[in-house]
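Overall composition comes before individual elements.

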Amino acid sequence: MKEVFYFGHCWADNIGNAFIDFGINYSLKEALKEYDVKINNISNVQPYNDFNFNNRFPYNLLSGGRKKQDEIFDLRTHTKPDLVVLGGSLFDIFWCKVHSGFLEWLIEEQVPVMVLGGGGGNNYSSEELNYVSSFWKKINFIGYISRDEKALNNFGKYAKTSFSGIDNAFFLNDAYEPAKLHIEPYAINTFDLTYPRVVNDGYNKVIKLSHRLLDVDSFKSFLKRWFKAFKIVKTYDFISDYPNDYLNLYANAAVTHSDRVHACVAALIFGGKAQYYDKSDRSYLFDRVKLSDIRNTPVSLDMDYIEKEKQQQLKNIKTVVDQIF
């Protein structure tokens, strides 16, 4: 039996990461069902804590001394994968610095790596591209399935095989069946990254969510951003550590207004409308599925079109995996 390891998660920082994880796990199981494989999941969250206490004031001052690289415990490097799968936005300087020890392990072990439905950069500057490529051109990067064309054009050249793909969260409606909620027709507002506002879109009921549990559930975040923490507690209706709660709400909403890309993706894939309110390069995933207008007005997803794209993505995953299995 082949061992496939997916390294992702970090839900408390952004519950939208769970939407990626749900989609990746579904698409891997579906695409690899003809193989004798076991799909394992390990979180990427601990390296962020190690990075903070080694490099960021005041954590590094209060931690009692910097850990050496060989003193840092990374569960990921105590595995023997036949294939490593990564997703999300990992082609940026900060991600590579946080996970530098892990990336060096991938280089040393030459473990086959597939980046699935993600791999975006932060700003696509020459500095970022040079830093990221210093790792990825040395990794056994067997396959890249992007979620937007800009990422593919910048990073696809480092992979042995690359495809233009879609974001993993577009598989949410396959991976999860939402509960039917008995609520009057409502709009959702999820604003964590820009500024809180109320957009009702003609509906009497508006449910205000946050994707970032750490803003209200972490003492260090509370001390650092106490005003924002108080504001969230006062103005938001719902914050949870359980992704299914959010999916139930997005699936039953008439329209979602958000500065979180995956809040919009979740609403769209369950048949609702969504409008996006930010300028992040991560939002190119909407252009990939013909939703450029999402930045200006609520839009709906062409379900027939996205289903064809999803079937192609499953075929592309199998094409990548056929290189090694």
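1. The model is predicted. Among its cysteines, C264 is buried, having a relative accessible area of 0%. C10 is likewise classed as buried, because its relative accessible area of 13% falls under the 20% limit. When the whole structure is searched for disulfides, zero are found.

2. Overall composition. The protein chain contains 15 helices and ten strands. Of its 325 residues, 54% are buried. The accessible surface amounts to about 15200 Å², and carbon and sulfur atoms account for 50% of that area. Considering contacts between residues at least 6 apart in sequence, 68% link residues at least 24 apart.

3. The four-stranded sheet. Four strands form an open sheet in the order β8-β7-β9-β10, and their pairing is parallel. Its edges are β8 (205–209) and β10 (273–276), each of which pairs on one side only. On average, neighbouring strands in this sheet are turned by 20° against each other, direction ignored.

4. Pairing of β7. Strand β7, residues 186–190, runs parallel to β8 and is joined to it by five bridges. Within this pairing, I188 lies opposite I207 of β8, and T190 has L209 of β8 as its bridge partner. Towards β9, β7 is again parallel, with four bridges between the two strands. Here I188 stands opposite T256 of β9.

5. Burial of β7. Are the faces of this strand covered or open? Both faces of β7 are covered. Y186, I188 and T190 are buried on one side, and A187 and N189 are buried on the other.

6. How many of the nine residues of α13 are buried? Nine of the nine are, so the helix is largely enclosed by the rest of the structure. The buried residues are V261, H262, A263, C264, V265, A266, A267, L268 and I269. Just after the helix, G271 adopts a positive phi of about 95°.

7. The α1–α12 contact. Two packed helices are described by the angle between their axes and the distance between the axes. For helix α1 (residues 16–31) and α12, the axes come within 9 Å and cross at roughly 90°. The two helices, α1 and α12, are therefore roughly perpendicular to each other. On the α1 side the contact involves A18, F19 and F22. On the α12 side it involves P243, N244, Y246, L247 and Y250.

8. Strands β1 and β2. Strand β1 (residues 2–8) has five of its seven residues buried, so it is largely enclosed by the rest of the structure. It pairs with strand β2 (residues 37–43) in the parallel sense, over seven bridges.

9. A loop position. Where is L75 found? L75 belongs to the loop between α3 (59–62) and β3 (83–86). Its relative accessibility is 45%, and L75 therefore counts as partly exposed, since that class lies between the 20% and 50% limits. L75 and N44 are 31 residues apart along the chain, and their C-alpha atoms are separated by 9.2 Å.

Terms used
Residues numbered from 1 in each chain as written. Predicted model: local features only at pLDDT ≥ 70, side-chain atom pairs only at ≥ 80, totals over all residues. Heavy atoms only, no water. Disulfide = S-S within 2.5 Å. Buried < 20%, exposed > 50% of the residue type's maximum accessible area, 1.4 Å probe, protein only. Contact = heavy atoms within 4.5 Å. Areas by Shrake-Rupley, 256 points an atom, 1.4 Å probe, with all protein chains shown as cover. Pairing = 2+ DSSP bridges. Axes fitted to C-alpha atoms, helices over the stretch in contact; angles between N-to-C directions. Parallel < 35°, antiparallel > 145°, perpendicular 65-115°, else oblique.
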